[in-house]
Amino acid sequence: QVQLVESGGGLVQPGGSLRLSCAASGSIFSINAMGWYRQAPGKQRELVAAITSGGSINYQDSVKGRFTISRDNAKNTVYLQMNSLKPEDTAVYYCNADLVHGEPPLAYDYWGQGTQVIVSP
């Protein structure tokens, strides 16, 4: 059984910072890309940032310069450091991983349960 467990959401004032973590556990052969998505009320889920196993990174334009994605391959963990937070960053943030597991090993797409981020005075 593979799980993605997120932590680090919460309430923060505009201009503040939060750090999200997402750890993948289970019988995992390898992890390809890992990323963070978010979904605000009434809106579609959107990509925030993603990082490949080789370290290539992609950010949504609205978070460039404010958010930093990183990963610890030894711990199967991805992080999202969010600085200079704005009210429009308020959303449920979801971790995503494209990973290989099972017998035979195949690639599957997994999602975390989501963590709420609220940016408000």
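Hi everyone, let's start with a bond: the link of Cys 22 and Cys 95 is left-handed, with -80° about the S-S bond. What does this link tie together? Cys 22 lies in strand β3, residues 18-25, and Cys 95 lies in strand β9, residues 91-101, so the pair ties together parts that are 73 residues apart in sequence. The S to S distance of this disulfide is 2.1 Å. Both Cys 22 and Cys 95 are buried, and a search of the whole structure finds one disulfide. Please keep in mind as we go that this is a predicted model.

Now let's follow β3 into its sheet. Here we have an open sheet of four strands, in the order β1-β3-β8-β7, and the pairing is antiparallel. Which strands stand at the edges? Those are β1, residues 3-7, and β7, residues 67-72; each has a single partner strand, so one side of each is left without a neighbour in the sheet. On average, and ignoring direction, neighbouring strands of this sheet are turned by 15° against each other. If you look between β3 and β8, residues 77-82, you will find six bridges joining these antiparallel strands. Arg 19, for instance, stands opposite Gln 81 in β8.

While we are on β7, let me show you Ser 70, which has its place in that strand. Leaving aside neighbours within four places in sequence, Ser 70 is in contact with Ile 51, Thr 77, Val 78 and Tyr 79. Ser 70 and Gly 35 are 35 residues apart in sequence, and their C-alpha atoms are 9.3 Å apart in space.

Next, the inside. The largest nonpolar core has 30 residues, and those that touch the most other members are Trp 36, Leu 80, Met 82 and Tyr 93. Which strands supply at least two residues each? They are β3, β4, β5 (46-51), β7, β8, β9 and β11 (115-119). The strand that gives the most to this core is β9, with five residues.

Let's move to a charged side chain. Arg 38 lies in strand β4, residues 28-39. Why does Arg 38 count as buried? Because its relative accessibility is 5%, and buried means under 20%. What does its side chain meet? A polar contact of 3.2 Å joins the side chains of Arg 38 and Gln 60, and another, of 3.4 Å, joins those of Arg 38 and Ser 62.

Finally, a quick tour of the loops. Between β7 and β8 you will find Asn 76, whose phi is near 50°, a positive value in a residue other than glycine. Asn 76 is partly exposed, with a relative accessible area of 24%. In the loop between β8 and β9 sits Ser 84, and its phi is near 50° too, again positive in a residue other than glycine. At 40% relative accessibility, Ser 84 counts as partly exposed. My last stop is the loop between β9 and β10, residues 106-111, which is the place of Pro 104. A cis peptide bond joins Glu 103 and Pro 104, with omega at about 0°.

Notes: Residues numbered from 1 in each chain as written. Predicted model: local features only at pLDDT ≥ 70, side-chain atom pairs only at ≥ 80, totals over all residues. Heavy atoms only, no water. Disulfide = S-S within 2.5 Å. Buried < 20%, exposed > 50% of the residue type's maximum accessible area, 1.4 Å probe, protein only. Polar contact = N/O pair within 3.5 Å; in protein donor to acceptor, adjacent residues only side chain to side chain. Pairing = 2+ DSSP bridges. Axes fitted to C-alpha atoms, helices over the stretch in contact; angles between N-to-C directions. Core = buried A, V, L, I, M, F, W, Y, C linked by side-chain atoms within 4.5 Å. Contact = heavy atoms within 4.5 Å.
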